[in-house]
Amino acid sequence: MLETFTAGCLEAGFDLVQPFDVAAFNQGAALEDRLPDHGRPSALAVVVGNSRALWPVFVAACRRDPGSAAAPHPLNRYTVRVITAAAEATGWPFAARWAHVLEPRPVPIQRVAEAAGLVRSAPCLFSIHPRLGLWVALRAVVVFDREGVAAPPLSHPCEGCPRPCLAPLERARSSTDWRDWLAVRDACPIGRDARYPEAQIAYHYTRRGLQEALE
Ligand code: B12
Ligand code: SF4
């Protein structure tokens, strides 16, 4: 069933799919942050994210369905639609939590993804992936009603780094220019070849870029 879910996510452009045991997160989390566990001591959670691989697949989906591209928050809607479909295809009961949903409270998806062994927390507040650097987005965590699996160990990608991300972070914090936030990601030596394409950057930081990509 994990293969079915992973295949559905990959096909839709969500190329980061990391299974783990929900207990690995819940044990260290405040009560209000805990993820659903279907009443089990161990449950199979999967954190889903993406790299730049999402963008062409998402743009192609918008081309096929121009109405969805014109609606508010097209990427969030796409995320919910395709990840829900991938989870339903497994035939197992599941509960999903979405990174973009802020009410009643946001799921601390960066900490969830760290417990899953997908990323680590960088000193510049981003989650860092060992290959993709800071060029990753975290979208959802889905918990299935079955036994969990142990998260893989992940050494810290920032170990030994002189932290060139910190000076741009200080600038960005007192700035209203989104390019200053982009500079934080650009300062990191890991994952330079994983930088998002310009249209994807424009979409994430300014909400523009999608219409241009569709033209
Ligand atoms: C609300 C929110 C925002 C708000 C406020 C952010 C803030 N500074 O508090 C706004 C709209 C301003 C925002 C902007 C950005 N965000 Co934002 N945001 C979120 C969201 C939806 C909730 C954060 C939250 O409250 N978490 C809940 C608390 C309880 O979790 P927590 O673990 O206790 O707290 C963590 C976060 O608050 C985080 N954090 C705090 N300050 C900052 C600042 C930055 C730059 C980042 C990356 C993280 C971060 O660090 C804490 C420890 O892990 C998360 C997704 C999520 N569900 O977490 C994305 C998220 C943190 N954002 C993300 C990003 C990339 C950004 C931007 C850089 C660009 C963008 N929009 O794509 C900009 C940065 C500009 C800025 N001024 O901060 C990514 C980070 C990806 C990564 N590799 O780490 C996330 C995970 C969304 C995603 N889909 O991947 N964001
Ligand atoms: S610049 Fe260095 S410390 Fe900063 S996120 Fe990248 S690897 Fe980590």
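User: Which backbone atom is 2.9 Å from a nitrogen atom of ligand 1, and how do I read that?

Analyst: Keep in mind that this is a predicted model. The general idea is that a polar contact is a pair of N or O atoms within 3.5 Å. Here, a polar backbone atom of Val-136 sits 2.9 Å from a nitrogen atom of ligand 1. Val-107 also uses its backbone: one of its N or O atoms is 2.8 Å from a nitrogen of ligand 1. With Arg-111, a polar side-chain atom lies 2.8 Å from an oxygen atom of the ligand.

User: Which elements give two or more residues to the shell around ligand 1?

Analyst: Those are helix H6 (109–115), strand E6 (137–144), helix H8 (178–187) and helix H9 (198–206). There are 20 residues around ligand 1, and Val-107, Gln-110, Arg-111, Ser-127 and Leu-138 come nearest.

User: How does the shell around ligand 1 divide by class?

Analyst: You sort each residue by its type. That gives 14 nonpolar, 3 polar and 3 charged residues for ligand 1. In total 13 residues surround ligand 2, the closest being Cys-158, Cys-161, Pro-164, Cys-165 and Cys-188.

User: What about Gly-67: why is it called partly exposed?

Analyst: Partly exposed covers the range between buried, under 20% relative accessible area, and exposed, over 50%. Gly-67 has 46%, so it is partly exposed. You'll find Gly-67 in helix H4 (residues 66–70).

User: And how far is Gly-67 from Asp-193?

Analyst: Their C-alpha atoms are separated by 33 Å, with the two residues 126 apart along the chain.

Technical notes
Residues numbered from 1 in each chain as written. Chains lettered and ligands numbered in written order. Predicted model: local features only at pLDDT ≥ 70, side-chain atom pairs only at ≥ 80, totals over all residues. Heavy atoms only, no water. Helix = DSSP H or I, 4+ residues; strand = E, 2+ residues; numbered from the N terminus. Buried < 20%, exposed > 50% of the residue type's maximum accessible area, 1.4 Å probe, protein only. Near = heavy atom within 4 Å. Polar contact = N/O pair within 3.5 Å; in protein donor to acceptor, adjacent residues only side chain to side chain. Nonpolar A, V, L, I, M, F, W, Y, C, P; charged D, E, K, R; others polar.
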